[in-house]
Amino acid sequence: MQKLVSANPALAKQPDFRSIMELRSLDVIATRIWFDRRVATRYPANVLSGFETTAGATFFNLNDLQDEYRNEPGTVISADFYHANSLLPLSDQEIVDRVVSHVATCEPGFKGAKVTDSIVLRFPKAVTHFSPGSYQHRPFQATTIPNVFMAGDWVKGVPHGANGLSQERAYVTGLSAANLVISRLDRGGQPAQILDVEPDEPHIAAARAAVRGLREVAAAAGLRSPFL
Ligand SMILES: Cc1cc2nc3c(=O)[nH]c(=O)nc-3n(C[C@H](O)[C@H](O)[C@H](O)COP(=O)(O)OP(=O)(O)OC[C@H]3O[C@@H](n4cnc5c(N)ncnc54)[C@H](O)[C@@H]3O)c2cc1C
């Protein structure tokens, strides 16, 4: 989007589009690894936290999650590094070795398994850095150009329980952007139904209420914190 704003004088004139230039982005690495045997994992979706100093990661057991791999003779996993900036220069083999070592620490069954195939993809500056202070620069769904609507996980101001950095948020804002187009064109068309998320569990609801209360107290005292 920043390249589009830079390259397009019509967008560059608009303050809301220029504000997008203030957002920072992060590098991502996506891997897929095939093993010579089936290794059961406790959970199909997992977070790898604390293994890399600056990068977080997730790994998924694709035999459990995707029909394509359900009957595969060996285990197939995907593992993605988020904020992978300092890992990008490593070779594919070094990255695969790291993934296997991290995964084997969580699931010791991988210690005896051999890698039979792998893919490593690098995506420099591919995702929005949802860092403190970035909210003010994220776009609203409706823009200063009346027939341009924004969608994606970075859009703010869409009152829905699916919040930033999630596929749900991207999906919901896509549907609501399409609904805004239908309404602007006013030529009929069936708006998409957008389901809300289930209500928060009691402890989450209590934590949210506490944060709201702190925000109000801080605002009354004239304090502004990006963390609140
Ligand atoms: C490592 C990692 C793990 C994640 N894990 C999860 C998870 O477990 N669950 C979850 O819900 N979310 C997860 N997320 C977040 C999720 O992937 C994003 O929130 C979601 O993909 C955002 O969707 P989007 O459509 O807003 O943007 P994107 O998915 O980034 O889509 C934008 C698309 O636009 C294309 N594009 C860019 N520029 C142009 C151009 N000029 N012309 C045409 N096309 C262009 C890009 O190629 C891209 O395909 C994860 C993200 C990362 C990085």
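Analyst: In this predicted model, five strands make up an open sheet, and their order is β2-β3-β4-β1-β5. The pairing is antiparallel. Look at the two edges, β2 (45-48) and β5 (115-128). Each has a single partner strand, so one side of each is left without a neighbour in the sheet. From one strand to the next, the twist averages 15°.

Now move to β4. In the strand order, β4 sits between β3 and β1. Take the β3 side. Strand β3 covers residues 56-61, and strand β4 covers residues 76-82. Six bridges pair these two strands in the antiparallel sense. Glycine 56 has tyrosine 82 of β4 as its bridge partner. Alanine 57 is bridged to phenylalanine 81 in β4.

Then take the β1 side. Here β1 and β4 run antiparallel, joined by seven bridges. One example to find is arginine 32, whose bridge partner in β4 is serine 78.

How enclosed is β4? Five of its seven residues are buried, meaning under 20% relative accessible area. Strand β4 is therefore largely enclosed by the rest of the structure. As a general point, side chains in a regular strand alternate between the two faces of the sheet.

Finally, look at what lies over the sheet. Helix α6, residues 92-106, lies across β1 (25-35), β2, β3, β4 and β5. Relative to β5, helix α6 runs at about 100°.

Notes. Residues numbered from 1 in each chain as written. Predicted model: local features only at pLDDT ≥ 70, side-chain atom pairs only at ≥ 80, totals over all residues. Heavy atoms only, no water. Pairing = 2+ DSSP bridges. Helix = DSSP H or I, 4+ residues; strand = E, 2+ residues; numbered from the N terminus. Axes fitted to C-alpha atoms, helices over the stretch in contact; angles between N-to-C directions. Contact = heavy atoms within 4.5 Å. Buried < 20%, exposed > 50% of the residue type's maximum accessible area, 1.4 Å probe, protein only.
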